[in-house]
Amino acid sequence: QVSLVESGGGLVQAGGSLRLSCAASGRTFSSYVMSWFRQAPGKEREIVAGISYNGGNRYYIDSVKGRFTISRDNTKNMMYLQMNSLKPEDTAAYYCAADRHSTIRVYQNEGAYDYWGQGTQVTVSS
């Protein structure tokens, strides 16, 4: 079993930055694909970014390319999402997720993921 806990959300002005953290427990964390999802009010949950077990493969949704950076530190059981140049459209609850069936390929469908955190709220004001 893997437990995931997000932190780092908050209120920020447009153009500002936040760094989200995901703390994981579990011996096999280092072999799992990890991703960040978000869900805005009235919208479906969507993937934001994903990363392979060793960081060799990264995926970003088009709307965040060049602004967000996903990373992980397996020695610390941590995953991060650095968010720069934030926009009001980035406002959402952000979730950390792990896919225990994949080590390399980042799947975009939330149904592929087995473990989820409780979420952290990001609000970007104009």
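Two strands count as paired if DSSP finds at least two bridges between them. The model discussed here is predicted.

**The four-stranded sheet**

- Four strands form an open sheet in the order β1-β3-β8-β7, and their pairing is antiparallel.
- The edges of this sheet are taken by β1 (3–7) and β7 (68–73); each has a single partner strand, so one side of each is left without a neighbour in the sheet.
- From one strand to the next, the twist averages 15 degrees.
- Strand β3 covers residues 18–25 and strand β8 covers residues 78–83; the two pair in the antiparallel sense over six bridges.
- Strands β1 and β3 are also antiparallel partners, and five bridges join them.
- A23 in β3 stands opposite V5, and A23 also stands opposite M78 in β8.
- As a general rule, side chains in a regular strand alternate between the two faces of the sheet.

**The nonpolar cores**

- In soluble globular proteins, nonpolar side chains tend to be buried together.
- The largest nonpolar core of this model has 30 residues, of which L4, M34, W36, L81, M83 and Y94 touch the most other members.
- At least two residues of this core come from each of β3, β4 (33–39), β5 (46–51), β7, β8, β9 (92–99) and β11 (120–125).
- Leaving aside residues up to four places away in sequence, M34 touches a list of residues that includes L4, C22, F29, I51, I70, M79 and C96.
- R72 is also among the residues that M34 touches.
- Another core, of six residues, lies apart from the largest one, and its members include V33, F37, A97 and V106.

**The buried residue D90**

- Where does D90 lie? D90 is found in the loop between β8 and β9.
- Is D90 buried or exposed? The relative accessibility of D90 is 0%, and therefore D90 counts as buried, since the cut-off for a buried residue is under 20%.
- The side chain of D90 makes a polar contact with the side chain of R38 at 3.0 Å, and another with the side chain of R67 at 2.8 Å.
- Not counting residues up to four places away in sequence, D90 touches R38, R67, F68, V122 and V124.

Note on methods. Residues numbered from 1 in each chain as written. Predicted model: local features only at pLDDT ≥ 70, side-chain atom pairs only at ≥ 80, totals over all residues. Heavy atoms only, no water. Axes fitted to C-alpha atoms, helices over the stretch in contact; angles between N-to-C directions. Core = buried A, V, L, I, M, F, W, Y, C linked by side-chain atoms within 4.5 Å. Buried < 20%, exposed > 50% of the residue type's maximum accessible area, 1.4 Å probe, protein only. Contact = heavy atoms within 4.5 Å. Polar contact = N/O pair within 3.5 Å; in protein donor to acceptor, adjacent residues only side chain to side chain.
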